[in-house]
Amino acid sequence: MGFGLVKKVGGGFRSFSVQAAKGVSSPSLKIDGVREIIAVASGKGGVGKSTTAVNLAVALANNCKLKVGLLDADVYGPSIPTMMKLSGKPDVSQDRKLVPIENYGVKCMSMGVLVEGKFDAIVWRGPMVMKALEQMSRGVEWGNLDILVVDMPPGTGDVQLSISQRLQLSGAVIVSTPQDVALMDARRGVNMFSKVKIPILGIIENMSFFKCPHCGEPSHIFGKEGARKTADEMSVPFLGEIPLEVDIRSTSDEGKPIVLTSPNSAASVAYTEMANKLVRRLEELSGQTTIRPEINL
Ligand code: ADP
């Protein structure tokens, strides 16, 4: 079993060995060689879930120095190929597995690199989605990964529940904007994961405020600290705030994540801190044994 290295805040490295600490050997791992699988989820679409998943994955790989994969499970609206600037089709290995496409130190797989027409609608029922996701998770030659980040489809329905259970998630991160309607859905997300005993690693508030480029004054367009309060009320960790920034949108569109292009920006520092918190939380959880009940849908 390999050990990764995590950069300590303030310098130096410490070893990252969640599974080793658990004393768990590979049988509990659903994907060969993948140590921890975390979901980045949201109750609603358009709150910045994929943007967050990308920047966290890149920060985990480049700042925390972990071996990281990114699985785009948002099969209906895959945006990872654009945000991670993935090009070409995946190769197929000798044992007939898909070879992930790597960029910025992250191994990626997405329906967006498998389907022919970039703009074709994917019209699939639940069972087909699950079949495709089986292929994109277990049918991929990930190699040894410390963390596989899963960009979940938005919402809290059957598909999300099935993915959570089949992938044996180590935990879930919920992304929400601060306004009430988004937070209501974020609560549903927390409840859904709790129902299947998947630990909530934390809530991230995206688009927390807009800093005026002229006067620097912050405007709380979608309300103030809603996600922080929701996290407190639900007794789950609050991982931090990401501002609403033109650079986050433009770097996503260009396929150059902001954590790489402007590593010293407030947003990048926040993403990196969140990545570090996630690693620490996974390490904390490593001592816990969670029994996940099967839910028959
Ligand atoms: P979701 O995965 O929740 O549907 P996306 O990550 O695709 O959301 O983001 C939706 C849009 O919002 C994208 O154009 C993205 O670039 C933009 N966006 C996300 N987060 C921010 C932010 N903090 N500031 C500015 N734009 C953002």
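**Close-up views of a predicted model**

**View 1. Packing of helix H4 against helix H5.** Gly126, Val129, Met130, Leu133 and Glu134 of H4 are in contact with Val159, Ser162, Ile163 and Arg166 of H5, where contact means heavy atoms within 4.5 Å. Sorted by class, this contact of H4 with H5 comprises 5 nonpolar, 2 polar and 2 charged residues; Ala, Val, Leu, Ile, Met, Phe, Trp, Tyr, Cys and Pro count as nonpolar, Asp, Glu, Lys and Arg as charged, and the others, Gly among them, as polar. The model is predicted, so local features need pLDDT of at least 70 and side-chain atom pairs count only at pLDDT 80 or more, whereas totals for chains, interfaces and linings use all residues. Residues are numbered from 1 along each chain as its sequence is written, and side-chain values use heavy atoms, with hydrogens and water left out.

**View 2. Geometry of the H4 and H5 pair.** Two packed helices are described by the angle between their axes and the distance between the axes. Helix H4 (residues 126-137) and helix H5 (residues 158-166) pack at an angle of about 30 degrees, and their axes are 10 Å apart; the axes are lines fitted to C-alpha atoms over the stretch in contact, and angles run from 0 to 180 degrees between N-to-C directions. H4 and H5 are therefore roughly parallel to each other, a term that covers angles under 35 degrees. The crossing of H4 past H5 is right-handed, that is, the near helix is turned clockwise from the far one by less than a right angle.

**View 3. Two loop residues with positive phi.** Most residues other than glycine have a negative phi. Glutamine 168, in the loop between H5 and E8, has a positive phi of about 50 degrees although it is not a glycine, and with 27% relative accessibility it counts as partly exposed, meaning from 20% to 50% relative accessible area with a 1.4 Å probe and protein chains only, between buried (under 20%) and exposed (over 50%). Lysine 197 lies in the loop between H6 and strand E9 (200-211); its phi is positive, near 60 degrees, and at 45% relative accessibility lysine 197 is also partly exposed.

**View 4. Surroundings of glutamine 179.** Glutamine 179 is placed in the loop between strand E8 (171-176) and helix H6 (180-195), helices (H or I, at least four residues) and strands (E, at least two) being DSSP runs numbered from the N terminus. The C-alpha atoms of glutamine 179 and lysine 224 are separated by 8.0 Å, although these residues are 45 residues apart along the chain.

Notes. Angles under 35 degrees count as roughly parallel, over 145 as roughly antiparallel, 65 to 115 as roughly perpendicular and the rest as oblique.
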